[in-house]
Amino acid sequence: MALQKAADVFKARGYQRASIQHLVDEMGINRAGLYAAFGDKHSLFCEVVEQYSADLLGRSRAILGAAGDALDNLYRYLDFLQERALKDPRQGCLINTTAVEVGAGDAPIHQRISGMFQALEESLQETLHRAVHEGDLKSDLPAHALARFFLCFIQGLTVVSKMRMPADYLLDCVAMMRSQIESLEDRD
C-alpha cells in the first residue's frame with residue numbers, strides 16, 4: 001500500500017518534483033520511517049518503478065497471452081490501453097513519465113524501464129506471431145517491426161492522455177490503431 005501511494009506521488013509530480021514531504025504526506029509515514037523502510041528517495045523510486053512495471057507488464061502479458069484467438073487478445077489489449085488512457089489522464093503512466101524525465105541519465109532506472117519495454121515488445125511480438133500462425137494476420141507480416149510500432153503507439157497514447165487531450169482525441173487514436181491492425185488481417 002505504501003508503494004502504491006508513493007507511485008501516485010511520482011506519477012502526478014515526476015521524480016524531480018516529488019519531495020520527501022510530498023511522499024511522507026501521501027504515504028502517511030514520517031521521514032524517519034520512510035528512510036528506515038526504503039533508504040532514500042532514489043531507492044524508494046527504484047522500488048516503485050520495479051513494482052509498477054512488474055504489475056503493468058503482468059497485466060499486459062495476461063491479456064496478450066490469454067488462451068484463445070491471438071488477434072482477439074490484441075484487440076482486448078487495445079481496449080485495456082484505451083480504458084487506462086481515459087481512466088485518470090492527469091496521472092499518466094509512471095513508466096512513460098519516468099522515461100521522459102529521467103531518460104538514460106539514471107542507469108538503474110533506465111535498465112528497469114528498458115527491460116520493461118523490451119519484455120512488452122516481446123509479448124506483443126509473440127502475440128502477433130501467434131496471430132500469423134493462426135491465420136488471422138498476413139503471413140508476411142514483420143511482427144518485430146509492428147511490435148515496436150505498437151510500443152511507440154502505447155507510449156504516445158500515454159503522453160497525449162497525460163496532456164489531458166479530450167476523450168474523442170484518445171478514442172480516435174485507438175480507432176486508427178485498430179484500423180491499422182485490421183488492414184493486416186489475412187482475409188483470403
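Trainee: Why does Ala-70 count as buried?

Mentor: Because its relative accessibility is 0%. Buried means under 20% relative accessible area, exposed over 50%, partly exposed in between, with a 1.4 Å probe and protein chains only. This is a predicted model, where local features need pLDDT of at least 70, side-chain atom pairs count only at pLDDT 80 or more, and totals for chains, interfaces and linings use all residues. Residues are numbered from 1 along each chain as its sequence is written, and side-chain values use heavy atoms, without hydrogens and water.

Trainee: Which helix holds Ala-70?

Mentor: Helix α5, residues 70–87. Helices are DSSP runs of H or I with at least four residues, strands are E runs of at least two, and both are numbered from the N terminus.

Trainee: And which residues does Ala-70 contact, leaving aside neighbours within four places in sequence?

Mentor: Thr-127, Arg-130, Ala-131 and Glu-134. Contact means heavy atoms within 4.5 Å.

Trainee: How far apart are Ala-70 and Glu-134?

Mentor: They are 64 residues apart in sequence. In space, C-alpha to C-alpha, they are 7.8 Å apart.

Trainee: Switching to the whole protein. How many helices and strands are there?

Mentor: Nine helices and zero strands. The C-alpha trace spans about 65 × 30 × 30 Å along its principal axes.

Trainee: What share of the residues is buried?

Mentor: 41% of the 188 residues.

Trainee: And what share of contacts joins residues at least 24 apart?

Mentor: 68%, among contacts between residues at least 6 apart in sequence.
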